[in-house]
Each structure stands twice: as structure tokens, then as C-alpha cells.
Amino acid sequence: MADLSVEFCGIKSPNPFWLASAPPTNTGDQIMRAFDAGWGGAVWKTLGQPIVNVSSRYSSVDYAGRRMMGLNNIELITDRPLDVNLREISEVKKRYPKHALIVSLMVESRREAWHDIVRRAEDAGADGLELNFGCPHGMSERGMGSAVGQVPDYTCQIVEWVKEVANTPVIVKLTPNITDVTFPARAAEKGGADAVSLINTINSVTGIDLETLTPRPSVHGASAHGGYCGPAVKPIALSMVASVAQTVKIPISGIGGIASWQDAVEFILLGASTVQVCTAVMHHGFRVVLDMIDGLSSYLDRKGLSSVQELVGLSVPRYQRWEQLNLNYRVIADIKQDKCIGCGVCYAACYDGAHQAIAVRPNDKGRSTVEILEHKCVGCNLCSLVCPVDDCITMKRIDSFGEERLPWTEYSKNPSQHPHVRSNRHDQ
Amino acid sequence: MHSIQTRPSKRRGGCTNFGTCQVYGCANFPDMMAESFHKKALARELRPALSKDEALAEANRCLFCYDAPCMKACPTHIDVPLFIRQIGTNNPGGAARTILSANILGASCARVCPTEVLCEGACVLQDQHKPIQIGPLQRFATDHAMAVHQKILTPGSPKAGSVGIIGAGPAGLSCAAELLKLGYQSVIYEAAERPGGLNTYGVAQYKMTPEVALAEVDWLIDAGVTIRCGVTVGKDISLSELESRHDAIFIGVGMGAIPGIHIDGEDLPGVWDGLDFIAALKRGDREIFEVLRGARVAVIGGGNTAIDVVTQASRGGAGKVWLLYRRGREQLSAYAHELELAKDAGVELVLHAVPHRVLGPARGPSPKMSRVSGLELGRKLPDGGEKLETLPADLVIRATGQKGAKLTAELSVRVDGGKVVADALGRTSNPRYFAAGDCVSGGQEVVNAVAEGQRAARTIAEEVLGKLGGAR
């Protein structure tokens, strides 16, 4: 059995599965039940100055009959009194000394305000601090949350203030609502952060009630942009985590649509050392962690790895720029006729939506028999993606262009190596 | 021998064993309750309506096949993938439009079609999955459309020309609806009291009740289809009168009664025509439930009508049901899935059985409803010989193929073996007469009659009415 325990910038945790700062970590009772269920750590819902919330706070995107592929919220930071939260933090820490208890913080951008909240959180017993520079709604309009995270200089400045007094590790939670997430990540590192966590939620409108014309969630006939999370955002989060992993040296806590052990492994492979989960718990409750733990453990065993740490970042070198990819690599689609059920979905997709490289004819069963036109197939994968049968369409390698690696940077027709193009660029 | 287990249920207010106690003689079972029980059992749907959530989940399983096999398997070629996608996008009205534009009786077909051998049988999701429940999805869409009184069809701009349609069954209704869409008037003459033909009188109750069939016809009447019920052509109105009133005549009279089997005792009152039997059950006649209660019933036949009769008899309160077929299992024309249904209902299949004589009469529950005292039959032996047996039957029901309708012989069109001779486009030997449905095929599905009636309407429009010229 592999060892699932991790040490994340000095914070020890029995496993890499943490609850993200969100409604599931609103109270000590919830967090203690989560620890009992198997969660390794939790990031307490953001503490700050008292706020009020609206009623009607969440809305979601259903897809193909499944609920909550994406979840959106316009809830703010904790609306419970600070002293109640602090008392519960110390109680949880006393009862669960081996679990990781991080406290998320967000206050106005004044040095004294940050010093004060950091001291209080640490006095209560926090194992670490997470600075919420990501919240995209409500708080950002007041100069906090993503308003800080979107300006690398502010990010750096506030991290420096926090580090002046903090005795525990400082994690900076980054917003995805920015052109290039590596800029604030670098700023956090420069300011002295011990780690970053990402992504926070994405600006979103989940939909509109077509009868009332009000975007969701409706607050008395109107709505505001919310923060989007859940399975729908995972690919965006993975890309950002990978970019940050290639940019900074401090550890990363991965967040964004993690609902299964496979999702968690993907984040870890792209550089995360812990993962944080929210939507899956808001959907199914704390018990989802059971399969995450079991799945990750089995996977590590199957791969012959003895700890989570050995897995961290293994896919990062394989995440490259397009221009580094081998242009001599070529695959074409291969259909296993004995598995084909004759739905013709691949044909419609290829003929109308891709490269017209599949032929179709009706067979004696009244279904479609499809055939790859190898000379027209560019190896785009689309047919293998739409095929409803496992392993019926696979991509097979062909070596028509030779074995030698040929990235675009070395390709003879590369227009950027053309003198005319280069001179144009200089003109600009 | 058998212990009676009653399963109390708050919802039904009592036992849910559907009359097994009757068989074994439970004395505490009030008659009235038995009747209402059996009426409920009779109409208990095999495939109940899908809830909205179920329909959405099922719709989302559909692969949206290219050149979809389900669409090709449907005689009316409903664009099945499209209507299922419309259900999936929460557009049941659009789904109903897609269905009804191809098949005006989409609501009844959703219930009575043998989807196992048509659309669902053709679904590509067979081996590793379950086929999409196309019938129930179609019902979901058409139920919605009926509930909101959605327009079933848009009449075409009025054109000169009128068609007299004989029979308000599926073929006639489909023909009338298609003519209306093309802008032509028609009048349907129906001998029965109510319209719908077999949809109203002959479909097994658990597939469709007369209420649903009649509601569907009302929907067509609202759209402009004219039906005169209780008018028998050849009696209340002569054929020559019909010819003078209309430019073309469409024959959609279906088939007639089930022929006699020419054995002794066949005329006894305890011997029934299978279609009359189903019609009586569907009407809810008191007497039929009384005579059936606990009775041992021998049903003669091997087609889908015979299956309907045995399953209906079993659900209707019969104590024991035999299905007697003169040949072997391989020759049975009933669909395999229907046969399973009969077996599930506890029906005993007796193969290679030839009825010889009905014994009786015997006293029934009332003078009006008498029974027989047995059925003598010969069991063919493998060596070619025959073994005589007597089944202790109380009722005998004939459910072999129907003979031609009475009117068919009176028409001035070519008839062969009781069936009107017509081509695939509905043309008969007489250029003013067109025909489709069971009276041509000898007995097929509702969906076939709809497809054929629609095609015949197009032929009439093109070859007769179109030549009249001018707007109405």
C-alpha cells in the first residue's frame, strides 16, 4: 500500500484530499464530519470583515440529463461572526491535531488589517493561511478578492505584508479571471508565498430563465455574474495548473472540478501536491472522498509508486508548446468492424464536422457500415471521440513521414524563418 | 394445494393478486370488487408513461444515428432521432410535431406498435446496451401535445375534390388527415357507433384504452376531419349514392369476423369470436366479467390476436387459459415478445392441437351468459396419429385469422380471398376506388395502415383530384 500522506509547504496531511474554502467548510461541525469521512485537510471558509449575503445564491448547468456539470455562486465570504469561527477553528484543531486545517483570509488592502487577521487565525491554531485573491464577485467590487489577484503588484504587496507577521505557511489562491495566470503566480512567489492554490471560480452566467428573462440565480428579478466551478471547469484548471507548475518553484494545491480519483491524479501529474474539492461535495456529500482515497492508492500501487510525492508533476515535461510537437508523427483512424454497431455517428461527425475521410453504406441489417478513407484521414481523433463503443475506433500510428523528429521551429516552411515575414515583424 | 397470499396495499385498498383467489375459491372476495379489480388489471399498462425526468434521461441516451435504422424500420418513417433530441432539449411540442407530421396516429402507435420488431428492434444499442425506449418516448411527446391541445395538422389551401372514406379505422383516419393536409375534403362513413376501428374496439386494453383512441380521433375532428358514425355503407347509404357524392372512394373497412371452424357445438353461446370478446371487455360489459370469472378458457389460434385474447382473458379474471394451436412452435405467427407476455400471464400453450367438438351447454352465471362443458380435441402425435383429449373448458374463443369484411364482397373492385386487391399506392382494379389497411393486407399493424392510408391519399390527390383542377 502506497503512502498517501503528504507534506505541503510544511503542512502535514494524512492524504492530499482537502476541502476547498467554500460552503462545505463553513462550520467546525462540517469540517469535523469531513475529517471523520476521510478528508485529509480543509480550508476554512474565508474569514474577513462581516458581510451579508443575498438569498438565492447558486445556479447550475445541467448537461445531457446530468445535474450540475457546472455550478455558479454569488455567495460571499463567511457570514458568521469572526469570534465564532475562531473558537471553532481552535476546537477542531484540538480534536483533529493530525489533519491539515488551513484558514482562508480576505480583508481590505491595508497592512494593519492583514496583520490583525493573520495573528488571529494563527492564534486560533491554523496550520496555514490561504489568501483569497480569487473571489470574482461581491468582494472584488470592494477592492478585495480577484481585484487583488488580477494585479500582480497588489498580490506581491499583500503577500509581503502577510509574511511580515505570519508564522505558518502562506498559500496564495489565484484567480483564473486573468489573461495569463503565471503573472500573479510569479508575483505571489516574489512576495514570499510558500505555495499557490488554483483555480478560484470563473466569471460566469449559467443561463437565463427563458420565461422571466432573468439570468440565474434570480435575486428578485435580477442577477449578477457568479463564480463558476464543477466538472465543467476542470480542463481550464488543468491548463492553468500546468502553466503555473512550469513557472514557479513553490508547491501548488490544485483546484477545479475534481470529482473523482482520476481527476485528482491528473492535477497531481500536472504539478499539484494537494488537491482541493468543493462542488463534488456540494453535490454528493463528504463520502465522495472514499473512492478518491481508494482509487489514488490503487493507482499508486499499480504504477509501483510508494508515495504521492513521487507522482507530482510527472506529466509536466509532456505539456509543451505547440511549436515543439513532432510534425512527423502521424496517426489515422482504425475501425474494428466486429465492434461497430452501425450508428454512423462517426460518419456524420467526419463528413460534416471534420475532414470527409469516412465512407458509409447501408448494410443488410439496415444499419451503416463505415470505412476509413486512409488517404483522406488526417488523424484528427474526432471519430474515435464520438464513437459510442469502447475501443471500436482507435488511432493507429503510421510512419509515412519517417522517424526523425520535426518540430515546427525546424520545419523548412516555417514562415517565421522566412526573411520577409521577419522584416515585417520588425516594422511593427 | 395453493395457499392464498393476500398482499394488503393501502393504495389499492386490498389484495393485489389479480384474482388468483378466484381460481382457488376465496369466499371473502366480493363480486363487485372482483369486477373492478379485473377491469383495472385489464387496463394496467405494460409500458407505463415516462415521467419527465425519465424521458430526459432516456432521450439523452440516444446516439442520434446517421441514416438511423429506427427511422428506416418505421413504416411511417418518423424522424426518430430528431424527435428524441427535441425531447432531450425540453421541446416536447417540437417532438410531437416531428412525430405527427410523419404519422398522424403517433399517439396510438406509441402504445400499440410492436416496437420490439420495428424501431426498437432496429436500434443500434442492442448488444451491450438496451435499445432506446422509442415507444414510451413517442408517447411522452404525443401525450404532452394532446394535453396542451397542440394543433395536430395544418390544412392545405382548399382545393376542389372530395373523397368518400369507408371506415374510420387507422387507414381511413390517416387517409382523411393526409387529404386535409393537401387541401381536399373528405367524409368518413363509419358503421360502428364510435370512430377508431380496431384502435377503439380491438386493441388489448393494457396497450390502449378506448378513451385514448377516441381522444386521438377527437383531435383529428378538431383539425377538420369529418366522420359520420353509425352509417353503414350499403345499408344506410348506397354505394351509388356515395359515388355520386364523391370524386373518389377510399376503402378502409378492415377485416370482418373470425370465421367458424366447422365443428360440432360451435354455435353454443359459450363459444366466442375473439374480437367480440375483446370488444366486450373493452366496453366493460358486466356480463363478460361475470362469465369469465374463474372460468377455464380455451383459445384457438396462433397469431397476435390470439395472444391478445389469452392475455386479456387471463387479466380479465379467467381461472385457467389454454392457447390451442394446430401446428408447431415454429409456425406460430405471434411475435416472440407477445408470446412471452402470454406465458407470463400463466397461459398454457398446447401445440399440435385440433379442436373436434365443443361439449355443452353448461350453466353459466346467468341465463344470458352460459358456458360450455368442455372441448374435445385431437393431439397430433409424432407418428402422424392423433390422441383424443377433452379439455374441461368453460368457454371457447376463436382467435384465428379474420375473414373479409361483409362490405368488401359488395364493392365493384377485384377481391381475392376476402381481401381487396390493391397495389402499394392504394390503387384497386377500379380507377375511382382506392384501398389500404387491413382490408388489403389481411391484418397488419396500426402503423402499416397509417402509412398505407397516407400513401393512398397522395395517390388519390395526384391521380384523381389533381386532375379536377381549381380551388374550392
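Student: At what angle do helix H2 and helix H3 of chain A pack in this predicted model?
Tutor: Two packed helices are described by the angle between their axes and the distance between the axes. Here H2 covers residues 82-95 of chain A and H3 covers residues 111-124 of chain A. Their axes are 8 Å apart, and the packing angle is about 35°.

Student: Which residues of H3(A) make the contact with H2(A)?
Tutor: From H2(A) the contact draws on Leu82(A), Leu86(A), Ile89(A) and Ser90(A). By class, the contact of the two helices has six nonpolar, one polar and one charged residues. On the H3(A) side, the residues are Ile117(A), Arg120(A), Ala121(A) and Ala124(A).

Student: What is the area buried between chain A and chain B?
Tutor: The size of an interface is often given as the accessible area lost when the parts come together. In this model 17 residues of chain A are in contact with 16 residues of chain B. Carbon and sulfur atoms give 55% of the buried area, which is about 1200 Å².

Student: Which residues of chain A lose the most area to chain B?
Tutor: Three residues together account for 35% of what the chain A side buries. They are Ile341(A), Cys343(A) and Arg367(A).

Student: Which side chains meet in a salt bridge between chain A and chain B?
Tutor: The count between the two chains is one salt bridge, alongside four residue pairs in polar contact, both residues at pLDDT 80 or more. In the salt bridge, the N to O distance is 3.8 Å, within the 4 Å cut-off. The side chains are those of Asp53(B) and Arg67(A).

Student: Which element gives the most to the side of chain A that touches chain B?
Tutor: The elements that give two or more residues to that side are helix H11 (345-353) and strand S16 (358-362) of chain A. By class, that side has 10 nonpolar, five polar and two charged residues. The element that gives the most, with three residues, is H11(A).

Student: Is Asp263(A) buried or exposed?
Tutor: Asp263(A) lies in helix H8 (residues 261-269) of chain A. Leaving aside neighbours within four places in sequence, Asp263(A) is in contact with Lys234(A), Gly257(A) and Ile258(A). Its relative accessibility is 10%, and the cut-off is under 20%, so Asp263(A) counts as buried.

Student: Which residue has its backbone nitrogen 3.2 Å from a polar atom of the side chain of Asp263(A)?
Tutor: A polar contact requires N or O atoms within 3.5 Å. The distance of 3.2 Å runs from the side chain of Asp263(A) to the backbone nitrogen of Ser260(A).

Terms used: Residues numbered from 1 in each chain as written. Chains lettered and ligands numbered in written order. Predicted model: local features only at pLDDT ≥ 70, side-chain atom pairs only at ≥ 80, totals over all residues. Heavy atoms only, no water. Axes fitted to C-alpha atoms, helices over the stretch in contact; angles between N-to-C directions. Helix = DSSP H or I, 4+ residues; strand = E, 2+ residues; numbered from the N terminus. Contact = heavy atoms within 4.5 Å. Nonpolar A, V, L, I, M, F, W, Y, C, P; charged D, E, K, R; others polar. Buried area = accessible area lost by both parts, 1.4 Å probe. Polar contact = N/O pair within 3.5 Å; in protein donor to acceptor, adjacent residues only side chain to side chain. Buried < 20%, exposed > 50% of the residue type's maximum accessible area, 1.4 Å probe, protein only.
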